[in-house]
Amino acid sequence: MKSESFNLRETKVLKPITIIILLYSALMFFEYTQRFLGIFIIPDNPLIPDYLPYYMAFPSYFVLPFFIIIIFTCVRMMIKRNYNYKTVYILLGLVVLFFLFRWRIHEFLLSQSPYVA
């Protein structure tokens, strides 16, 4: 019998991980895009302060480019079929960290907002 070991650097392992990263990143990109656009489509209400839409949109200024870079990197790897295991696992780590600490990241970015009154 031939004994094969499980290698985490093989394309058959890296490709599904890349697809999962791409799908999660696309989901987060569309969610934050919807949130960003929804903030500015709010009808004018005299009870809402003028700075509030900018304050609420501030985290999207950082999260959207973050996921655009991840999506671009994953699509480029899939088109070229060049799965660098270091890049795939770094992207996986970033996505997992964002998944675990999503609201803390959001709260931190809101606390750094220059639009606070």
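Is Phe62 buried, partly exposed or exposed, and what is its relative accessibility? In this predicted model, Phe62 counts as partly exposed, because its relative accessibility is 45%, which falls between the 20% limit for buried residues and the 50% limit for exposed ones. Phe62 belongs to helix H3, which covers residues 60-80. Together with Phe40, Tyr51, Tyr54, Tyr61 and Tyr115, Phe62 makes a nonpolar surface patch of about 560 Å².

The protein contains five helices and zero strands, so its radius of gyration may be considered next: at 19 Å, the value is well over the 13 Å that the globule rule gives for 117 residues, and the protein is therefore more spread out than a compact globule. Along the principal axes, the C-alpha atoms fill a box of roughly 75 × 25 × 20 Å. Of the 117 residues, 29% are buried. The accessible surface comes to about 8500 Å², and carbon and sulfur atoms account for 67% of this area. Among contacts between residues at least 6 apart in sequence, 77% join residues at least 24 apart.

Two further residues illustrate opposite surroundings. Ser25, placed in helix H1, is buried, with a relative accessible area of 0%. Leaving aside residues up to four places away in sequence, Ser25 touches Phe67, Ile70, Ile71 and Val95. Asp44, by contrast, is exposed, with a relative accessible area of 80%. Asp44 is located in the loop that lies between helix H1 (11-40) and helix H2 (52-57). From Asp44 to Phe101, the separation is 57 residues in sequence and 33 Å in space, C-alpha to C-alpha.

Terms used
Residues are numbered from 1 along each chain as its sequence is written. This is a predicted model: local features need pLDDT of at least 70, side-chain atom pairs count only at pLDDT 80 or more; totals for chains, interfaces and linings use all residues. Side-chain values use heavy atoms; hydrogens and water are left out. Helices (H or I, at least four residues) and strands (E, at least two) are DSSP runs, numbered from the N terminus. Buried means under 20% relative accessible area, exposed over 50%, partly exposed in between (1.4 Å probe, protein chains only). Contact means heavy atoms within 4.5 Å. Patches are made of residues with over 30% relative accessible area and no salt bridge: like charges are joined within 9 Å, nonpolar side chains (Val, Leu, Ile, Met, Phe, Trp, Tyr) within 5 Å. Accessible areas come from the Shrake-Rupley method with a 1.4 Å probe; for residues, only the protein chains shown count as cover. A salt bridge is a side-chain nitrogen of Lys or Arg within 4 Å of a carboxyl oxygen of Asp or Glu. The radius of gyration is taken over C-alpha atoms; the globule rule is 2.2 Å times the number of residues to the power 0.38.
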